[in-house]
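Here are my notes on this one, as numbered points. Have the structure open while you read.

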Amino acid sequence: MFHAPYQSYNSILRFFNEAAIDESVEEISVTLYRVASDSRIVNALISAAQSGKKVRVLVELKARFDEANNIKWAKKLKAAGADIIYSDKAIKVHAKVGLVKRFVDGRVKYAGLLATGNFNESTAAFYTDHIMMTANPQLLREMDLLFIYLAKKAKSAEGYDIDFEHLLVAQFNLQSKFIELIDREIEQARKGKPAGITIKLNNLEERVLIGKLYEASQAGVKIRMIVRSICCLIPGVPGMSENITIRRIVDRYLEHGRIFIFHNSGDQEVFMGSADWMNRNIYRRIEVCFPVYDERIRNEVIAMLDIQLADNVQAVKLNEQLQNIRVDKTEPPVQSQRAIYELLQQKI
């Protein structure tokens, strides 16, 4: 797991560069929503296509403010021989996923990236995002099915259903899975057992999921949230949301990652991904959230969120009027972005 901008983005650039030159790599698939104006990632894909590899790129032409840049890169990729997929007119593809397919000794081996933010080395310098590099065949086979679906969807109005078991994909199972996870915490709370949910988002607007969080609060589930921007949930209202707290953090870097943690009777489940809880993300986009199965990485992500929830320097909390209220500056002071940097420095 790489945490931008605290850790070097060179590992992600290296992933695409090595895929482009590795003779065992036959296919590269990736979604591009916003890319750098001089994207080294796209240049690696162009090199891969020119060397005869099958390169499949989903380019989102409806990425607001980036339409011209995306059209420019799509033309260059197509000229190099890449297979360009344009998203359906009615549905944006906002997922952040990349897949490499290698053939070793006659067998297919997968490697992939799943991220909370765009594959963009420019914004990676000041957006806080998380990129998971994985060879987990269960996750990556489902990602392959998603790319096949998107290619078919672009050519025909008819799609087909995919029974995702691991990935959470909007238009398929994302909303229903989150409802299922919240319901499990509600059931535990009603039995008098510990239950909790921690969520970090950019925006919170979608009524069904907000209503489910209210229901969880009323059942006694402790819900901690970090919501940077739009927030349509009212915390701290007796009888409705007294078990929900919401914070915001504004600091040097733009908080951008989406993280979802469910207590699960002490065996915490962690999901990350591209989807905010807004109408557009849930109903009008292809989004991908992914489970974090590795225990070490899971604990690292949980620790980072705990640091943010302890921030008493750059954080504010939302009251029942949705006003930003300064957090009491108790000792010791915790500036979460600095503390996370120091935490990750210990890994070096």
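1. First, a term: a salt bridge here is a side-chain nitrogen of Lys or Arg within 4 Å of a carboxyl oxygen of Asp or Glu. With that in hand, Glu27, Arg56, Lys101 and Asp144 are linked in a network of salt bridges. The structure holds 15 salt bridges.

2. A word on ground rules. You're looking at a predicted model, where local features need pLDDT of at least 70 and side-chain atom pairs count only at pLDDT 80 or more, while totals for chains, interfaces and linings use all residues. Residues are numbered from 1 along each chain as its sequence is written, and side-chain values use heavy atoms, with hydrogens and water left out.

3. Within it, Glu27 pairs with Lys101, their closest N and O atoms being 3.5 Å apart. Glu27 sits in strand E2 and Lys101 in strand E6, so to speak a link between distant parts of the chain, 74 residues apart (helices, H or I of at least four residues, and strands, E of at least two, are DSSP runs numbered from the N terminus). Both Glu27 and Lys101 are buried (buried means under 20% relative accessible area, exposed over 50%, partly exposed in between, with a 1.4 Å probe and protein chains only).

4. Strand E6 (residues 97-104) also carries Arg102. Arg102 forms a salt bridge with Asp22, with 3.7 Å between the closest N and O atoms. Asp22 is in the loop between helix H1 (10-21) and strand E2 (25-32), and the two partners are 80 residues apart. Arg102 is partly exposed at 27% relative accessible area, and Asp22 is partly exposed at 29%.

5. Now the helices. The axes of H5 and H6 come within 9 Å and cross at roughly 10 degrees (axes are lines fitted to C-alpha atoms, for helices over the stretch in contact, and angles run from 0 to 180 degrees between N-to-C directions). That makes H5 roughly parallel to H6 (angles under 35 degrees count as roughly parallel, over 145 as roughly antiparallel, 65 to 115 as roughly perpendicular and the rest as oblique).

6. Who touches whom? Among the H5 residues that meet H6 are Phe178, Ile182 and Ile186, and the H6 side includes Leu209, Leu213 and Ala216 (contact means heavy atoms within 4.5 Å). The residues of this contact divide into 10 nonpolar, 1 polar and 4 charged (Ala, Val, Leu, Ile, Met, Phe, Trp, Tyr, Cys and Pro count as nonpolar, Asp, Glu, Lys and Arg as charged, and the others, Gly among them, as polar).

7. Lys212 lies in helix H6 (residues 207-219) and Asp183 in helix H5 (residues 174-190), so the pair ties together parts that are 29 residues apart in sequence. Lys212 counts as buried at 14% relative accessibility, whereas Asp183 is partly exposed at 30%.

8. For the cysteine-minded: the structure holds 0 disulfides (a disulfide is a pair of cysteine sulfur atoms within 2.5 Å). For Cys232, the nearest cysteine sulfur is that of Cys231, 6.9 Å away. Cys232 is partly exposed, with a relative accessible area of 41%. For Cys289, the nearest cysteine sulfur is again that of Cys231, 18 Å away, and Cys289 is buried at 0%.
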